[in-house]
Number of protein chains: 2
Amino acid sequence: MHDIRQRIATRNLCVGKRLPSIRVQAEGLGMSRSTVVEAYARLAALGIIESRPGSGFYVGRQLSPFQMAEAPSGYRPATDPVWVTRQALLADADSLKPGCGWLPDSWMPEQEIRRALRTLSRKALAPLTAYGTPQGSPPLRQLLAHRLGERNLHVSAEQLMLTESSTQAVDLLCRLLLQPGDTVLVDDPCYFSFQAMLRAHRAHVVSVPYTPQGPDVKAMAECLATHRPRLYITNAALHNPTGASLSLDVAHKVLMLASQHDLTIIEDDVFADFEHYRTPRYAALDGLQRVVYVGSFSKTLSASVRVGHIATRADWIEQLVDLKLAIAFESGHFSADLLHTMLGSGTYQRHMNSLRARLADAMGLCLERLQRLGIEAWHRPDAGMFVWCQLPGGLDATALSEYALAQHQMLLAPGNSFSPSQQATGFLRFNVAQSLSPAVFEALDQSMQAL
Amino acid sequence: MHDIRQRIATRNLCVGKRLPSIRVQAEGLGMSRSTVVEAYARLAALGIIESRPGSGFYVGRQLSPFQMAEAPSGYRPATDPVWVTRQALLADADSLKPGCGWLPDSWMPEQEIRRALRTLSRKALAPLTAYGTPQGSPPLRQLLAHRLGERNLHVSAEQLMLTESSTQAVDLLCRLLLQPGDTVLVDDPCYFSFQAMLRAHRAHVVSVPYTPQGPDVKAMAECLATHRPRLYITNAALHNPTGASLSLDVAHKVLMLASQHDLTIIEDDVFADFEHYRTPRYAALDGLQRVVYVGSFSKTLSASVRVGHIATRADWIEQLVDLKLAIAFESGHFSADLLHTMLGSGTYQRHMNSLRARLADAMGLCLERLQRLGIEAWHRPDAGMFVWCQLPGGLDATALSEYALAQHQMLLAPGNSFSPSQQATGFLRFNVAQSLSPAVFEALDQSMQAL
């Protein structure tokens, strides 16, 4: 099994290629056929190879190379972050997708973006054609530093670096701080893309259960002592997928543990602007000594406005800039100027006021309809777009998701795609903005009955 | 030395931090002081730490973390790709920079980009706010597949994936295909950012001398047999920095060697549109079996139009998309739509006609002025922006560059920043579009006299 997985991982056996027959493989490796049969069967169960009756065994098409390294038993696409993301991105504009992680296009400030584009088209040459400064547009960094100050994160513009997105920001940090085999701590459940990313970094993932006030501190203390992770990657406000926000005492205790165990925390605050009132941030308490703060505007403004930011110690900013120059050269600052225009003109603030109100209505509606089907929220979020809820009667959310996609072309987000320990079998994450149509609940009801 | 380098690499000792005194270090490690003195002296010579007289030793500020792994003896910023790039990006619009790697802002098609922006601002919603499809804008991929077909690269749109830039494309390919410690072959000299990137990937770099017809085939055969590199990363047309283009027989021989040694070739064709007439491409001969073809429009159109592309086997495209989804999520397709508009309207073609003519004039002028100073071109390029030339009288180009920056604030690109073997001590790469002002040659002349 290891031999075959290695050859797949090094691309000597490519996806879709036919494996040697059992007989040939056994002879070639000097093993008994039954050993090879067992190996092929287990690899097929893992989804790494596929059996095509009458034809033989082929390298499986659906796995990313990085899953080869650590394929969990019983691979099911519905819980694979990469597979789910692909489906969500390829789905029709009209298809039902309460499982997807972003707001509908119609909620985005289209007119305002058009206006900002026209403004940009009338500006001076440099913004349009030049490479930006390595750390990113100085005026935008100044503006962002000011905004962060209003959240009690007191940083200078020099402590900020702009990136394409918060995902790219976290990935850059992983490249800077991690070696293959390092241990990283995440929440259980957590944003599923963190898991896919950490697999790409060949990190060893451990997790801590999440509570409505933040991570389970007792469990975290044990985990840190046992596993000594290098990093903890998390959200503070409006946690993805649970919607929970950090309480002040949990934040404080976690930082004490971090200090005790020399743990670096990456706090991805991509949902910050969805809050109605401010809740604690690790970075605000810590002052960026061991917390790295990441954010972006792709959830609130537009996926097309490619600006993320990292706030951290000045010496790490310098190293991040060097790394960025080595691997990505430089991003144009088109998007940065667009964002600066929209932030500076008050456009963004007006948009957010409207968005928060709209989401609050959608949240209320969604919770009510879920309740009618016997689906209870684990925690009623204060804001944001996600609800984490449990199916009644021990229903399996993965099976439900597979059924709903096949029968109704409806994309759900089953709990186990978010849970490293796979202990969220009965849970679903709902995007309240994508759950407005009654058709969603009709399809959900029918699917639940069918199971 | 290893202990200190490890602590720096794991960020326990950060840039600017003071090292323990020699006495404390010796006691702590159970070593003699003279051993520690020797270690500190060697680390200082490598530039990893700095001695501040009367104050002690400090972790050096200028090195990226990835140079820690393999710092060459006698580190000099002027030959460090990351350092040179930083300087170039931060330089004033007016400062002299014949060493920089891009065209002046004034050569970019500003009006046409404005116009395309206004067109974009009037279009339908989706281009403005949505996430793109994972592989990138289907209409743009169709258009690019068509353009590549005109260059004898027959690919389907399905074999293309869009990225932010060709640099990001090469980096993604390295993440897919390389493990730390793998050997990678580059040209000597080569695009210096390849070296910085490969250091970030912890790859072992070997190199093959370049000739005016392409790589030295005999040397390559020996290198492949000895080092068995996993990848060869190169340009075919208008090689950076030499400006040489591949001859058909060299292309053929290299592909035979690649086949013999199971070598994958990444061909970065970022200067394709600068050619007046077509020269051979590895990808055109090979049909994308073991050649991966990469391109972008940032050199010809604008650094702000963030579109690169990868053309390769369909099964590798699938794996690249999975990888991209895991680490970068998705790029908005703003830039893709802008590019599509400009390609479709004929704007780009008109711009390139004008650009090629302008560059040909600049090339002639530059070569003539260099000759007057006794600086000879190693090869007279057929097109493009670069000239690779040798200083007379055994002058050291690195020393000249350091002098020119200090005295004239003029940024030069010394040969050893491009040469992995550091055997280009007397060479410089000139960007003919950045060498139009007589001030460049006055400063160069004065600097040469001073040395």
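**View 1. A:E376 and its bridge partner in β12(A), A:Q390.** The model is predicted; local features need pLDDT of at least 70, side-chain atom pairs count only at pLDDT 80 or more, and totals for chains, interfaces and linings use all residues. Strand β11(A) pairs with β12 (residues 386–390) of chain A in the antiparallel sense, over two bridges. Pairing requires at least two DSSP bridges between two strands. Strands are DSSP E runs of at least two residues, helices H or I runs of at least four, numbered from the N terminus.

**View 2. The open three-stranded sheet of chain A, ordered β11-β12-β13.** Pairing is antiparallel. β11 (376–377) and β13 (427–431) of chain A are the edge strands, each with a single partner, so one side of each has no neighbour in the sheet. Helix α16 (residues 347–372) of chain A packs on the sheet and touches β11, β12 and β13 of chain A. Contact means heavy atoms within 4.5 Å. The direction of α16 makes about 10 degrees with that of β12(A).

**View 3. Helices α5 (residues 81–90) and α10 (residues 192–200) of chain A pack at about 120 degrees.** Their axes lie 9 Å apart. Axes are lines fitted to C-alpha atoms, for helices over the stretch in contact; angles run from 0 to 180 degrees between N-to-C directions. A:P81, A:V82, A:V84 and A:T85 of α5(A) meet A:F192, A:S193, A:A196 and A:R199 of α10(A).

**View 4. B:S247 in the loop between β7 (231–234) and α12 (248–260) of chain B.** B:S247 is in contact with B:Q213 and B:P280, leaving aside neighbours within four places in sequence.

Residues are numbered from 1 along each chain as its sequence is written, chains are lettered from A and ligands numbered from 1 in written order, and side-chain values use heavy atoms, without hydrogens and water.
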